[in-house]
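Subject: Model handover, salt bridges

Hello,

Here is the structure for your files. My notes on its charged side chains follow below.

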Amino acid sequence: MPIFIFYFCWWKLRKTIGVDLNLQFPAGWEQAKEIKYSQGFDKPAPRDFVGFGPLTEPEALSIYNFTLMHDFRLVIAYHTQGQEIYWQFQNYNPPDSLTIGQQLSNASGYRLSETPYNSSFAGYKDWFIQNYNRPGYTIEAGIGENPLPISQFDEIYNDNIGILILGAIL
């Protein structure tokens, strides 16, 4: 089984539509909608708008279909901000997910964290864990406001090369 790594930072938001593409997956989409609407993100916006339903945006649907067509043993979704690794979705605990997460943490120096409740729905990693009961990780690379400055590139690369290598061999 291969591993699937996708970098969300550059495609997170379709600015022309105003939908956050990492809030488009069917794992708890209704909860994400309730949370984001209560925070005022109830219409197309520069961030955090869940859209009008799960998988309504072509980019999210493409990733979903691509994943269905393959037998990935784990997925790694890259985001930016925080130097931490989110490894779980709700009460799902796929075999070896914590152990692999600890290895990724050791390789990068990023802390292994539980996903904050308000951010724990409708993401790609969440859907993968729920659908396949296999490990999925969101890597929050770098620190600061998006977009991160290019001056962080070398540090982010060095922090994450071990994650990529481990993901390929685990």
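How many salt bridges does the count come to? The count comes to six, where a salt bridge is a side-chain nitrogen of Lys or Arg within 4 Å of a carboxyl oxygen of Asp or Glu.

Before the details, a note on the source. This is a predicted model, in which local features need pLDDT of at least 70 and side-chain atom pairs count only at pLDDT 80 or more, while totals for chains, interfaces and linings use all residues. Residues are numbered from 1 along each chain as its sequence is written, and side-chain values use heavy atoms, with hydrogens and water left out.

One of the salt bridges pairs K125 with D126, and the closest N and O atoms are 2.9 Å apart. K125 is buried because its relative accessible area is 4%; D126 is also at 4% relative accessibility and so counts as buried.

Shared partners also link some of these contacts: K36, R47 and D48 are joined by salt bridges into one network. Within it, the side chains of R47 and D48 meet at 2.7 Å, N to O. D48 has a relative accessible area of 10%, so D48 is buried.

The pair D42 and K43 forms a salt bridge at 3.8 Å, N to O. K43 counts as exposed because its relative accessibility is 53%, whereas D42, at 38%, counts as partly exposed.

Regards

Conventions: Buried means under 20% relative accessible area, exposed over 50%, partly exposed in between (1.4 Å probe, protein chains only).
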